[in-house]
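The entries below follow the order in which I checked things.

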Amino acid sequence: MVAAFPYLIYRFFYRIWLFLLHWYGDGFFFAWNMLLETLRSLDRVIALKITLRYFFQPLYRDYTTVGYLLGFIFRSIRVVFGALLYLIIFVIALSLYCAWAAIPLYLIYRFIGL
């Protein structure tokens, strides 16, 4: 009977440690992978990576001055809007992750505050 009490205390804190490891550790990598997958699928539509690769190429292979000028202007606009969209998605994902990560802290605060 004497050995059961320390074992139960050990298991109690061990389970809390496993919960926190799962909640914050695994949850962070899950959220990060979801964000990267969202950005990858969005890049298939916006094609920011390809736009940056061909940034100084003429638009539609028109090697005149107008083709170079329009290519630079249109690609600049596309890069700015694409980067803003990526930034907005990143900020939303970061906000959601911070709110999700604060749930256990909020519950502990509410439990102790009562």
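I take axes as lines fitted to C-alpha atoms, for helices over the stretch in contact, with angles from 0 to 180 degrees between N-to-C directions. The model is predicted.

**Entry: α1 and α4**

I looked up helix α1 against helix α4, residues 103–113. Their axes come within 11 Å and cross at roughly 135°. Angles over 145 degrees would count as roughly antiparallel. I therefore noted α1 and α4 as oblique to each other. Which residues of α1 meet α4? I found Phe-19, Trp-23 and Tyr-24 on the α1 side. On the α4 side I found Ile-103, Pro-104 and Leu-105. I sorted this contact by class and got 6 nonpolar residues, no polar and no charged.

**Entry: α1 and α3**

Next I took α1, residues 4–46, with helix α3, residues 65–101. I read a packing angle of about 160° and axes 11 Å apart. That angle makes α1 roughly antiparallel to α3. I also checked the hand: α1 passes α3 in a right-handed crossing. By class, I logged 18 nonpolar, 3 polar and 2 charged residues in the contact of α1 with α3.

**Entry: the largest pocket**

I then turned to the largest pocket, with a volume of about 260 Å³. Which helices supply its lining? I noted that α1 and α3 each give at least two residues. I listed the lining residues, among them Gly-27, Phe-28, Phe-30, Ala-31, Trp-32 and Leu-35. The list also includes Phe-90, Ala-93, Leu-94, Leu-96, Tyr-97 and Trp-100. I divided the lining by class into 11 nonpolar residues, 1 polar and no charged. Gly counts as polar here, and Tyr and Trp as nonpolar.

How values were computed:
Residues are numbered from 1 along each chain as its sequence is written. This is a predicted model: local features need pLDDT of at least 70, side-chain atom pairs count only at pLDDT 80 or more; totals for chains, interfaces and linings use all residues. Side-chain values use heavy atoms; hydrogens and water are left out. Helices (H or I, at least four residues) and strands (E, at least two) are DSSP runs, numbered from the N terminus. Angles under 35 degrees count as roughly parallel, over 145 as roughly antiparallel, 65 to 115 as roughly perpendicular and the rest as oblique. A crossing is left-handed if the near helix is turned anticlockwise from the far one by less than a right angle, and right-handed if clockwise. Contact means heavy atoms within 4.5 Å. On a 1 Å grid over the protein atoms alone, a cavity is a set of points where a 1.4 Å probe fits but cannot get out, and a pocket is an open set with protein on both sides within 12 Å along at least five of seven lines; lining residues have an atom within 4 Å of a point. Grid points are joined across faces, edges and corners, and a volume is the space filled by probe spheres set on the points.
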